Amino acid sequence: MTNAVVWISDSKTPSGEAEVPLTELALDAFRQQLAISGGGQYLFPSEANDRGHQKSFKTAWRATLRRANVPYFRIYDLRSTYATRLSAGGVADEWVTQLLRQGDAQVFKKYSQMKLQMKREALGHINREANEMQDSIGTLVVN
């Protein structure tokens, strides 16, 4: 918490083991969850199984979306949204790959699905601005 990073030590792949920087919002959420968890070994403890920690968030995720009146979507889809927003915000693909904790940039391409749509929207924006400029400077006459 001092350095505002979380260490992911258990992952399916070696590239998944990493330090992940936390924003102020994420850091605050971690602090709140630590207060709830009682300072035990696990951030999400559970007495419902012999491992002592939460194994699945499917039920909690569905309930959260229902209470927020948000149509269901898989929690895993947030990964694609995260990658797309980073990319749309101008973050270099290499950094996005690292923030997703992926070893291969090709995997990033799978998660950042909205680039084509963002390009279309940008072109539409340019066209709208060009049309507005044309109206303000008059009609172009071609000989």
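So, N49: its side chain reaches the backbone oxygen of H53 at 2.9 Å. A polar atom of that N49 side chain also lies 3.0 Å from the backbone nitrogen of G52. By polar contact I mean a pair of N or O atoms within 3.5 Å; within protein, one must be able to donate a hydrogen and the other to accept it, and residues adjacent in sequence count only if both atoms are side-chain atoms.

Before I go on, this is a predicted model: local features need pLDDT of at least 70, side-chain atom pairs count only at pLDDT 80 or more, and totals for chains, interfaces and linings use all residues. Residues are numbered from 1 along each chain as its sequence is written, and side-chain values use heavy atoms, with hydrogens and water left out.

Okay, where is N49? In the loop between α1 and α2. S46 sits in the loop between α1 (24–37) and α2 (58–67) too. Helices here are DSSP runs of H or I, at least four residues, and strands are runs of E, at least two, numbered from the N terminus.

Is S46 buried or exposed? Buried, because its relative accessible area is 15%, and buried means under 20%, exposed over 50%, partly exposed in between (1.4 Å probe, protein chains only). A polar atom of the S46 side chain lies 3.1 Å from the backbone nitrogen of A48. Leaving aside neighbours within four places in sequence, S46 is in contact (heavy atoms within 4.5 Å) with G52, H53 and Q54.

Moving on to α2: W61, A63 and L65 are buried there, and α3 is part of what covers the buried residues of α2. Just after α2, N69 takes a positive phi of about 60°.

Now the largest pocket. A pocket is an open set of points on a 1 Å grid over the protein atoms alone, where a 1.4 Å probe fits, with protein on both sides within 12 Å along at least five of seven lines; lining residues have an atom within 4 Å of a point. The lining has 49 residues, with I8, F44, F57, I75 and R101 nearest the centre. Which element gives the largest share of that lining? That's α1, with 6 residues.

Last, the whole chain. There are 6 helices and 2 strands, running β-β-α-α-α-α-α-α from the N terminus on. Of the 143 residues, 16% count as buried.
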